[in-house]
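Thanks for coming, everyone. Please have a look at the sequence and the structure on the screen. I will then walk you through it.

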Amino acid sequence: LSFSAVGLPPGLHIDSSSGETSGTPSAAGAFDVTFTARDANGITATAGAAWNVISGLSITTTSFRPLTAGAAASRPVTTSGGSGPYEWFIVVGAPPPGMIVSATDGTLLGVPGRAGSYQFTLRVQDIYHADAVQSLSLEVNPELTIDAANPPPVSAGRNVRHSFSSSGGTAPIQWNIASGALPAGVSLSPQ
């Protein structure tokens, strides 16, 4: 018997004596392949097959925006290539206390409990057991606090200017009135 194939993905070849197809595909895509077997009498048989080559799996997220301790947060982790569904694992290190990595989509979510710098390595695996790893770091800023909440007394009818200050949190800090109201004629700048 001798074997041949037409339409193999680039990088693959067929052994004419065994019919074994091998190699490393160099391009992703769908390929319609026709296999032919020929016996010593010249009789042939053909069969068609659809061969799907999936692009290599990689984690494309390389960094995260900083988080603030005590504030609920979610940070997606994205991939390229492979074929879902995917499974996610932490292989080295750990995310901040109070945060987890979703086993189904890799999202980092929760309420970080402590400020600091956290390093960890994620691994994703697709349905065909192809995998990818990525080392990541995440900064968690201290909890946002207002340092001086009470402005000094002011006289009615006189111009007033007072700056509040804060510590912690993740810039830019936006100010607003949480409850109550400012005196008539006084406003709060959001910056």
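A word on the source. This is a predicted model, where local features need pLDDT of at least 70, side-chain atom pairs count only at pLDDT 80 or more, and totals for chains, interfaces and linings use all residues. Residues are numbered from 1 along each chain as its sequence is written, and side-chain values use heavy atoms, with hydrogens and water left out.

Overall picture. The protein has zero helices and 16 strands. Helices (H or I, at least four residues) and strands (E, at least two) are DSSP runs, numbered from the N terminus. The C-alpha trace spans about 110 × 35 × 20 Å along its principal axes. The radius of gyration is 30 Å, while a compact globule of 191 residues would have one near 16 Å. That radius is taken over C-alpha atoms, and the globule rule is 2.2 Å times the number of residues to the power 0.38.

Next, the surface. The accessible surface comes to about 12,100 Å², and 53% of that belongs to carbon and sulfur atoms. Areas come from the Shrake-Rupley method with a 1.4 Å probe; for residues, only the protein chains shown count as cover. Of the 191 residues, 24% are buried. Buried means under 20% relative accessible area, exposed means over 50%, and partly exposed is in between (1.4 Å probe, protein chains only).

Now contacts, meaning heavy atoms within 4.5 Å. Take those between residues at least 6 apart in sequence: 48% of them join residues at least 24 apart.

On to the sheet. What is the strand order in the open sheet of four strands? The order is E7-E14-E13-E10, and the pairing is mixed. Two strands pair if DSSP finds at least two bridges between them. E7 and E10 (87–93) are the edge strands, each pairing on one side only. E7 pairs with E14 (residues 131–141) in the parallel sense, over two bridges. Here Thr68 stands opposite Asn141. E13 and E14 run antiparallel, joined by 10 bridges.

Look at the two faces of E14. In a regular strand the side chains alternate between the two faces of the sheet. The covered face of E14 includes Ala132, Leu136 and Val140, and the uncovered face includes Val133, Ser135 and Glu139.

Five residues sit between the strands in the hairpin of E13 and E14. His129 is in that loop. Its phi is positive, about 70°, although His129 is not a glycine. Is His129 buried or exposed? His129 is exposed, because its relative accessible area is 60%.

Two peptide bonds also deserve a look. Most residues other than glycine have a negative phi, and most peptide bonds are trans. The bond joining Gly84 and Pro85 is cis, with omega about 5°. Pro85 lies in the loop between E9 (79–80) and E10. Ala171 to Pro172 is also a cis bond, with omega near -5°. Pro172 comes in the segment after E16 (166–167).

Now the aromatics. A search of the whole structure finds two aromatic pairs. Rings of Phe, Tyr and Trp (its six-membered ring) pair if their centres lie within 6.5 Å; planes under 30 degrees apart count as stacked, over 60 as edge-to-face, and the rest as tilted. Why is the pair of Phe64 and Phe120 stacked? The ring centres are 6.4 Å apart and the planes are at 25°, so the pair is stacked. Phe64 lies in the loop between E6 (58–59) and E7 (67–68), and Phe120 in E13 (residues 116–125), so the pair ties together parts that are 56 residues apart in sequence. Phe64 counts as buried, at 13% relative accessibility. Phe120 is buried too, at 2%.

Last stop, Gln119. Gln119 is in strand E13. Gln119 counts as partly exposed, because its relative accessibility is 48%. Leaving aside neighbours within four places in sequence, Gln119 is in contact with Gly93, Ala94, Leu136 and Ser137. Its side chain also makes a polar contact of 2.9 Å with the side chain of Ser117. A polar contact is a pair of N or O atoms within 3.5 Å; within protein, one must be able to donate a hydrogen and the other to accept it, and residues adjacent in sequence count only if both atoms are side-chain atoms.
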